[in-house]
Amino acid sequence: MGISSDNAHGLVLAVSSSIFIGSSFIIKKKGLKKAGNTGTRAGSGGYTYLYEPWWWAGMVTMIVGEIANFAAYAYAPAILVTPLGALSIIFSAALAHFILEEKLHVFGVLGCVLCVVGSVSIVLHAPQEKNIHSVKEVWHLATEPGFIVYSSFVVILVGVLIFRYVPRYGQTHMVVYIGICSLMGSLTVMCVKAVGIALKLTFSGRNQFTYFQTWFFTLVVVACCLLQINYLNMALDTFNTAVVSPVYYVMFTSLTIFASMIMFKDWDSQNASQIATELCGFVTILSGTFLLHKTKDMGNSKTVESPDFVSQSNRSSNSNTG
């Protein structure tokens with residue numbers, strides 16, 4: 001299946017975004033580690049990282065990546081743009097290996113290869129972007145019963161996670177922080193796509209900022225992004241970067257594709273074969289991220305005698321001496 005001009009633009013922007021965002025994880029982690037040495041760690045609720053230049057450098061890099069990602073959604077459907085975030089995992093894992101010394105095992109390399117193969121499969125079979133002529137059309141899609149139910153479910157679940165589970169399990173269960181980021185991220189992407197379309201139409205001569213819907217989508221994007229940044233910082237400061245990146249990707253991408261199916265009905269114009277190929281590509285990417293996750297500590301493992309073995313050896317030595 002050929003790639004349309006709009007999808008090609010979205011592809012280039014999405015790949016560029018992945019490079020910047022993948023780098024930002026490492027730069028921010030370096031800043032968080034330095035800030036943790038001089039004050040309260042972000043994982044413990046501290047904000048000393050706000051005074052750390054490395055963290056701000058990471059934020060600038062992430063913003064550049066998010067701008068490219070933002071533009072990509074204006075040209076291509078979410079099912080094409082979002083899975084390409086796997087490339088940021090590869091870049092992040094590689095940099096973590098060399099800069100943060102969070103070693104990447106050979107199976108982690110295989111996971112990276114699987115992510116690339118899955119991404120190519122999705123790119124070649126992605127649906128074409130729909131022609132939307134006004135932000136009011138996006139508003140109509142967002143206010144249909146299906147997406148209203150999904151949005152309400154997300155908001156309620158995020159509230160429960162923040163007020164009930166973060167205080168109890170945030171420091172020990174990564175899925176709590178990542179779940180908040182991913183759930184809100186799925187809504188963020190839908191609103192980002194709406195604002196991106198509004199900007200695209202405005203630049204073409206049809207001003208969309210005269211409609212309140214454009215400003216509503218913009219406010220939701222800002223609020224959701226601030227919430228995501230806060231909990232992503234906590235996740236990065238508390239857990240291994242090589243784990244946070246893939247797990248965040250899996251949850252965020254799955255929920256975003258699901259939200260896009262509900263709101264934009266991306267698969268309505270595709271046949272069963274195309275949808276199956278895209279799903280296989282996505283499962284291949286998930287397999288790659290799973291490998292990265294399961295082998296995260298294998299590269300750091302060293303041949304060290306366990307305490308029990310050492311203790312047993314000492315007792316044996318003492319008895320023989322006696």
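Leaving out residues up to four places away in sequence, Lys265 touches Lys130, Leu141, Glu144 and Ser260, where touching, or contact, means heavy atoms within 4.5 Å. Lys265 sits in the loop between helix H10 (241-263) and helix H11 (272-294); helices here are DSSP runs of H or I with at least four residues, numbered from the N terminus. At a relative accessible area of 26%, Lys265 is partly exposed, given that buried means under 20%, exposed over 50% and partly exposed in between (1.4 Å probe, protein chains only). Lys130 lies 135 residues away from Lys265 along the chain, yet their C-alpha atoms are separated by 9.8 Å.

A word on the ground rules. The model is predicted, so local features need pLDDT of at least 70 and side-chain atom pairs count only at pLDDT 80 or more, while totals for chains, interfaces and linings use all residues. Residues are numbered from 1 along each chain as its sequence is written, and side-chain values use heavy atoms, with hydrogens and water left out.

On to helix packing. H7 (residues 145-169) and H8 (residues 174-203) pack with their axes 9 Å apart, at an angle of about 155°, which makes H7 roughly antiparallel to H8. Axes are lines fitted to C-alpha atoms, for helices over the stretch in contact, and angles run from 0 to 180 degrees between N-to-C directions; under 35 degrees counts as roughly parallel, over 145 as roughly antiparallel, 65 to 115 as roughly perpendicular and the rest as oblique. By class, this H7 contact with H8 has 18 nonpolar, three polar and no charged residues (Ala, Val, Leu, Ile, Met, Phe, Trp, Tyr, Cys and Pro count as nonpolar, Asp, Glu, Lys and Arg as charged, and the others, Gly among them, as polar). The H7 side includes Phe147, Tyr150, Val154 and Leu161, and the H8 side includes Val176, Ile180, Leu183 and Met190.

H8 also packs against H2, at an angle of about 75° and with the axes 8 Å apart, so H2 and H8 are roughly perpendicular to each other. Here Phe70, Tyr73, Ala74 and Tyr75 of H2 meet a set of H8 residues, among them Val189, Val192, Lys193 and Lys200. The class tally for H2 with H8 is nine nonpolar, one polar and two charged residues.

Glu52, in the loop between H1 (5-36) and H2 (53-75), is buried at a relative accessible area of 12%. With residues up to four places away in sequence not counted, Glu52 touches Gly31, Lys34 and Ala35. Ser92 belongs to H4 (residues 86-98) and is buried as well, at 2%; setting aside neighbours within four places in sequence, Ser92 is in contact with Gly22, Phe25, Ile26, Thr241 and Ser245. Ala223, from H9 (residues 212-238), is partly exposed at 47% relative accessibility.

Finally, the cysteines. Searching the whole structure turns up zero disulfides, a disulfide being a pair of cysteine sulfur atoms within 2.5 Å. Cys115 is buried, with a relative accessible area of 0%, and its closest cysteine sulfur, in Cys112, is 6.2 Å from its own, too far for a bond. For Cys280, the closest cysteine sulfur is that of Cys115, 16 Å away and again too far for a bond.

Terms used. Helices (H or I, at least four residues) and strands (E, at least two) are DSSP runs, numbered from the N terminus.
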